[in-house]
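Please work through the following exercises with the structure at hand. Each task is followed by a solution in steps.

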Amino acid sequence: MPKTLKDLVLEILEDWKSGKINEIIAQEKAEKLYEEFMHYENLSYNNPEAIAYEVLCQLEILNHQLIIKEDIPFIVDFLNTKQGEEKKAWESWQNYWDEIDVDDRLDKLRDNSFYDKEK
């Protein structure tokens with residue numbers, strides 16, 4: 001049985017979380033997956049695959065989005081949204097990123113040249 005987009009994205013996240021890969025490799029893997037799944041861009045928010053696609057889109061530019069390893073548990077929870085709870089999950093997703101203290105995050109990433117500091 002072929003892996004779903006969700007499965008593939010979860011693998012990237014697990015490998016990053018465990019230290020098997022770093023954020024650079026995670027982004028590279030996401031970029032390759034994005035090319036394969038870009039036809040998902042018109043999915044409705046009610047479609048569970050739209051959640052996996054959203055995460056993929058963010059991981060594909062994680063250095064610009066300032067996504068760090070500490071975000072992985074929240075991202076995994078979003079990916080594991082139960083059917084019928086998509087609306088609530090999307091709201092939680094937006095709130096999570098809106099509440100990030102960008103200045104604090106930039107300070108944490110100050111010594112990591114991979115991340116975009118032009119926020």
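Predicted model: local features only at pLDDT ≥ 70, side-chain atom pairs only at ≥ 80, totals over all residues.

Residues are numbered from 1 along each chain as its sequence is written, and side-chain values use heavy atoms, with hydrogens and water left out.

**Exercise 1. The core**

Identify which residues touch the most other members of the largest nonpolar core.

Step 1. A nonpolar core is a set of buried Ala, Val, Leu, Ile, Met, Phe, Trp, Tyr and Cys residues joined through side-chain atoms within 4.5 Å. Buried means under 20% relative accessible area, exposed over 50%, and partly exposed in between (1.4 Å probe, protein chains only).

Step 2. The largest core has 37 residues, and Leu5, Val9, Leu13, Trp16 and Val55 touch the most other members. Two or more residues come from each of helix 1 (5–18), helix 2 (23–37), helix 3 (48–59), helix 5 (72–79) and helix 6 (86–98). Helix 3 contributes the most, with eight residues. Helices here are DSSP runs (H or I, at least four residues), numbered from the N terminus.

Step 3. Leaving aside residues up to four places away in sequence, Val9 touches Leu33, Ala52, Val55, Leu56, Leu59 and Leu79; contact means heavy atoms within 4.5 Å.

**Exercise 2. A glutamine at the pocket**

Determine whether Gln58 is buried or exposed, and name the residues that Gln58 touches.

Step 1. Gln58 lies in helix 3 and is among the lining residues closest to the centre of the largest pocket, as are Gln65, Leu66, Trp97 and Ile100.

Step 2. With a relative accessible area of 17%, Gln58 is buried.

Step 3. Gln58 touches Gln65, Ile67 and Trp93, not counting residues up to four places away in sequence.

**Exercise 3. Salt bridges**

Step 1. A salt bridge is a side-chain nitrogen of Lys or Arg within 4 Å of a carboxyl oxygen of Asp or Glu; the count comes to four.

Step 2. Asp71 lies in the loop between helix 4 (62–65) and helix 5 and Arg105 in helix 7, so the pair ties together parts 34 residues apart in sequence. Asp71 is buried at 1%, and Arg105 is buried at 9%.

Step 3. Glu91 is partly exposed at 42%, whereas Lys87 is exposed at 62%.

How values were computed. 1 Å grid on protein atoms, 1.4 Å probe; cavity = no way out; pocket = protein on both sides within 12 Å on 5 of 7 lines; lining within 4 Å.
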